[in-house]
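Hi everyone, thanks for coming. Please have a look at the structure on the screen, and then I'll walk you through a few of its features.

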Amino acid sequence: MQTNREPEPQLAFAVTTSARPSPRELARAHCLAGETGYRYVPRTHRSLAGMAADERLTGLIVVERGNFSLWVAGRCLRYHPNMAKLRLLALEQGKHDILVDALQLKLGDRVLDCTCGLGADAIVAACKVGATGRVRTLEASPLLALLVERGMACYVIDDPPALVPAMRRVEVLNADYADYLRCEADNAWDVVYFDPMFSETIADAQGLDLVRYLARGGSPSPADLGEARRVARRRVVMKDRRPGYALARLGFAKVEEGRRVCYGALPAW
Ligand SMILES: C[S@@+](CC[C@H](N)C(=O)[O-])C[C@H]1O[C@@H](n2cnc3c(N)ncnc32)[C@H](O)[C@@H]1O
C-alpha cells in the first residue's frame, strides 16, 4: 500500500495487545507500532480503560489473534464489510445497486473512490468492474485507513463467493483527496466518486459510532471538484442525503434517487 500515514494528529492512540498475548501477537504489536508511528504500550494485566487513563490516551489499537481492533472509551471497532455483503448478494440475484447505476460501472472500469469509510462502496465497485478493472479508495483518517487496509487483506468469509476476491482487489490509500487529486494525471480514472460525511451526520452520531468519531468531516470544495473532473475520463459522482441540498449547491445534476439518499453527476472536462 502506498501511504502518507502519520499518527492521527489530534488523537492520542497507542498500540497494545490482548490481555494474554502470544509471542506472535507481541511481535505483531511491536511491528505495527513501528509501521504506524504509534507508540507500543505493554498491556501488563490492565483493562483497556485503565490503560487509557494511566497513559492519557484517547484510544488503543489492540492487536489480537489474526488482526487488530480499535478501542475508544469502551467502544470497539473491528473491520467488517458492512453492507457490501448484502449488496453483492443482491447483485448476484440480478437486482440493481444504486451506486453501480449512478457510476454507470462496467467490467474493466477504473474507479477512484475519494471517501473510503469502511469501504463498502469500494468493494461493490470492485466486484462490478472485475479483475480487469481497478478500484482505489482514499481515506483521510490514518486509523480508519489502517483498519480497512489490513481488514480487507485478511477478512475471510465464504458467502457470497465474490466478496473476498473483490475486497482483496481494492487498493486502500491513506490520503486526503484534496492533495491526492492535485497530483493525479488527467483522465487517470473513468469515474471519481465522493461520499462525504456531512456535518449533521457527524453530530447525529458522535459518541455512538467509532467510524463517525474517527472520520473527517466536510464536503469537496468547488476546486476539489474541478480537479476531480480533470482526473475523471467519464464522470464525477457524489452521494448526498435526500433531497440533495449539497448536490444542488455544488452544481451536480441528480442521476439516481433512493429512499434516503441520492446521487448526482458532473461530466468530465
Ligand atoms: C460517509 S464515509 C464513506 C462511506 C463509504 N462510502 C462506505 O461505503 O463505507 C466518508 C469517509 O470519507 C472520509 N473523508 C472525508 N474527507 C476526506 C478527505 N478529504 N480525503 C479522504 N477521505 C476523506 C471520512 O474520514 C470518512 O471515513
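Let's start with Pro-243, which sits in the loop between strand 10 and helix 12 (245-249). Helices here are DSSP runs of H or I with at least four residues, strands are runs of E with at least two, and both are numbered from the N terminus. A quick note on the model: it is predicted, so local features need pLDDT of at least 70 and side-chain atom pairs pLDDT 80 or more, while totals for chains, interfaces and linings use all residues. Residues are numbered from 1 along each chain as its sequence is written, and side-chain values use heavy atoms, leaving out hydrogens and water.

Back to Pro-243: the peptide bond joining Arg-242 to Pro-243 is cis, with omega about 10°. Asp-159 to Pro-160 is also a cis bond, with omega near 0°, and Pro-160 lies in the loop between helix 6 (142-154) and helix 7 (163-169).

Now the sheet. In what order do the seven strands of the open sheet come? The order is 8-7-6-9-10-12-11, with mixed pairing; two strands pair if DSSP finds at least two bridges between them. Strand 8 (171-174) and strand 11 (253-257) are at the edges with a single partner strand each, so one side of each has no neighbour in the sheet. Strand 11 pairs with strand 12 (residues 261-267) in the antiparallel sense, over four bridges. There, Glu-257 stands opposite Cys-262 in strand 12.

Lastly, Arg-56 has a positive phi of about 55°, although it is not a glycine. Arg-56 lies in the loop between helix 2 (48-55) and strand 3 (59-63).
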